[in-house]
Amino acid sequence: MTSRESSEDIDHAAADWAARIDGAPLSADEALALEAWALADPRRRGALARAMAVLAHFDIAKAPAPDFLPRARAARRTASKSS
């Protein structure tokens with residue numbers, strides 16, 4: 001009797017794949033391994049999509065606002081103190 005892979009195991013593997021994808025383009029062998037992994041259990045595609053969404057969210061969260069300029073911010077702070 002084979003044991004069914006737990007959702008936690010799938011989530012961990014999906015997070016590993018997502019980090020690899022985010023880090024650098026996959027080689028041809030890695031892409032084939034990812035495809036084989038994802039096709040082996042239908043839950044894996046959803047887990048990978050969730051992991052990729054989390055990474056995308058972190059990328060957005062760590063990006064500074066378009067008008068973020070540390071010097072300009074410091075100048076505004078100094079100007080407001082002298083007023």
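User: How many aromatic pairs does the structure hold?

Analyst: In this predicted model, the structure holds 0 aromatic pairs. To count as a pair, ring centres must lie within 6.5 Å.

User: What makes Arg 20 count as lying over the face of Trp 17?

Analyst: The distance from Arg 20 to the ring centre of Trp 17 is 4.2 Å, and the cut-off for a charge over a ring is within 6 Å of the ring centre, together with an angle within 35 degrees of the ring normal.

User: Why is Arg 44 called buried?

Analyst: Arg 44, which is placed in helix H3, has a relative accessible area of 12%, and buried means under 20%, so Arg 44 is called buried.

User: What does the side chain of Arg 44 reach, and which residues is Arg 44 in contact with, leaving aside its neighbours within four places in sequence?

Analyst: The side chain of Arg 44 reaches the backbone oxygen of Trp 37 at 2.7 Å, where the cut-off for a polar contact is within 3.5 Å. With neighbours within four places in sequence set aside, Arg 44 is in contact with Glu 5, Ile 10, Trp 37 and Ala 38.

User: Which residues make up the largest nonpolar core, and which element gives the largest share?

Analyst: This core has 11 residues in all, among them Ile 10, Trp 17, Leu 34, Trp 37 and Leu 48. Helices H1 (7–23), H2 (28–39) and H3 (42–62) each give two or more residues to the core, and the largest share, 5 residues, comes from H1.

Technical notes. Residues numbered from 1 in each chain as written. Predicted model: local features only at pLDDT ≥ 70, side-chain atom pairs only at ≥ 80, totals over all residues. Heavy atoms only, no water. Core = buried A, V, L, I, M, F, W, Y, C linked by side-chain atoms within 4.5 Å. Buried < 20%, exposed > 50% of the residue type's maximum accessible area, 1.4 Å probe, protein only. Helix = DSSP H or I, 4+ residues; strand = E, 2+ residues; numbered from the N terminus. Polar contact = N/O pair within 3.5 Å; in protein donor to acceptor, adjacent residues only side chain to side chain. Contact = heavy atoms within 4.5 Å. Phe/Tyr/Trp six-rings, centres within 6.5 Å; stacked < 30°, edge-to-face > 60°.
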